[in-house]
Amino acid sequence: MTDSKRTIKISIPSDLDWLGVIDKTVEGITEVMDFDEFDRDSVSICVIEAATNAIQHGHETSPDKPVDLEFIMEPEILTVTVLDHGKGFSPPDLEGEIGPAPDLTRTRGRGIFLMRSMMDEISFDFDEGTLIRLVKRKSPSESEEEASA
Amino acid sequence: MKISRNDRDGIAILKLEGKIMGGPDADLFQTQVKDLLAEGQNKVLLDLGKVSWVNSTGLGILISGHKTIENSGGSMKLLGVNKRIDQIFMVTRLNTVFEAFDDEADAMASF
């Protein structure tokens, strides 16, 4: 990939059936950026989680409101923002250690834990909707392999 | 998600295909589990070989099915978990809840 910053924007309808499009988009972008398979899967899992939140909680499954995604590609860093146009929700506490995995018998409430565990940074902004910002940095081995290629 | 069923040696093998991600998937799976238990079938092998991914809502569907079957005195085990789903199980520690197999014969013999 070149040194310049590139941005790709997509919008999907607020419908879980469209999550597959996000998966394919992330797959393509992380491949171009030379992330390894583990990190590619981590990013896909987390962007799908963020979009699931937007669809199920942000829009309460109203397909008339789009979910807007922006992928900002820099040589060593991928930043993904996922924006819904709903009424927002109570911001989770993102300070301090991630803590143990949620109770194993719980059937809900693992999305933010997954995103915090698998991404390098996660933050929320609330304005007209909720914006989730996810950051993944390439690991040193991925960067070295690319430099020697 | 699609579900097809094939019973063998007293075990219900449910083959799931597609993505497990909530919405109608939850009703589909819960109905299937209820039907099995109503028949007295509580040994269930979930074949996830054709499942591309699971989100956290999908995890809830699997946990719910697992709990329902275990509470009936039966067991639900997994077959063909791909790397991505395994990664989610490891992070959430659900690998300690779900017994998973790569080989169908080993899975069948474990019941």
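Setting aside neighbours within four places in sequence, Gly65(B) is in contact with Phe29(B), Val33(B) and Met76(B), where contact means heavy atoms within 4.5 Å. The model is a predicted one, in which local features need pLDDT of at least 70, side-chain atom pairs count only at pLDDT 80 or more, and totals for chains, interfaces and linings use all residues; side-chain values use heavy atoms, with hydrogens and water left out. Residues are numbered from 1 along each chain as its sequence is written, while chains are lettered from A and ligands numbered from 1 in the order in which they are written.

**Helix α2 of chain B**

- Gly65(B) is found in helix α2 of chain B, helices (H or I, at least four residues) and strands (E, at least two) being DSSP runs numbered from the N terminus.
- With a relative accessible area of 5%, Gly65(B) is buried; buried means under 20% relative accessible area, exposed over 50%, and partly exposed in between, using a 1.4 Å probe and protein chains only.
- Between the C-alpha atoms of Gly65(B) and Gly80(B), which are 15 residues apart in sequence, the separation in space is 18 Å.
- His66(B) also has its place in helix α2 of chain B, and it is buried, with a relative accessible area of 11%.
- Apart from neighbours within four places in sequence, His66(B) is in contact with Met76(B), Val97(B) and Phe98(B).
- The helix α2(B) as a whole (residues 56-71) has 16 residues and reaches 22 Å from its first C-alpha to its last, close to the 22 Å expected at 1.5 Å a residue; the expected span of a helix is 1.5 Å times one less than its number of residues.
- The buried residues of α2(B) include Ser56(B), Gly58(B), Leu59(B), Ile61(B), Leu62(B) and Ile69(B).
- Just after α2(B), Gly73(B) takes a positive phi of about 90°.

**Contact between the two chains**

- Helix α3 (residues 111-118) of chain A and helix α3 (residues 83-92) of chain B pack at an angle of about 100°, with their axes 10 Å apart; axes are lines fitted to C-alpha atoms, for helices over the stretch in contact, and angles run from 0 to 180 degrees between N-to-C directions.
- The helices α3(A) and α3(B) are therefore roughly perpendicular to each other, a description that covers angles of 65 to 115 degrees, whereas those under 35 count as roughly parallel, those over 145 as roughly antiparallel and the rest as oblique.
- From α3(A), Phe113(A), Leu114(A), Ser117(A) and Met118(A) meet Gln87(B), Ile88(B), Val91(B) and Thr92(B) in α3(B).
- By class, the contact of α3(A) with α3(B) has five nonpolar, three polar and no charged residues; Ala, Val, Leu, Ile, Met, Phe, Trp, Tyr, Cys and Pro count as nonpolar, Asp, Glu, Lys and Arg as charged, and the others, Gly among them, as polar.

**Positive phi values in loops of chain B**

- Asp9(B), in the loop between β1 (2-8) and β2 (11-20) of chain B, has a phi near 50°, a positive value in a residue other than glycine, and it is exposed, with a relative accessible area of 69%.
- Arg93(B), in the loop between α3 and β5 (100-101) of chain B, has a positive phi of about 65° although it is not a glycine, and it is partly exposed, with a relative accessible area of 41%.

**Chain A**

- The secondary structure of chain A comes to four helices and five strands, which follow the pattern β-α-α-β-β-α-β-β-α along the sequence.
- Of the 149 residues in chain A, 44% are buried, and among contacts between residues at least 6 apart in sequence, 66% join residues at least 24 apart.
- Asp15(A), in the loop between β1 (6-12) and α1 of chain A, is partly exposed, with a relative accessible area of 29%.
- The side chain of Asp15(A) reaches the backbone nitrogen of Asp17(A) at 2.9 Å.
- The C-alpha atoms of Asp15(A) and Lys65(A), which are 50 residues apart along the chain, are separated by 9.5 Å.

Technical notes: Polar contact = N/O pair within 3.5 Å; in protein donor to acceptor, adjacent residues only side chain to side chain.
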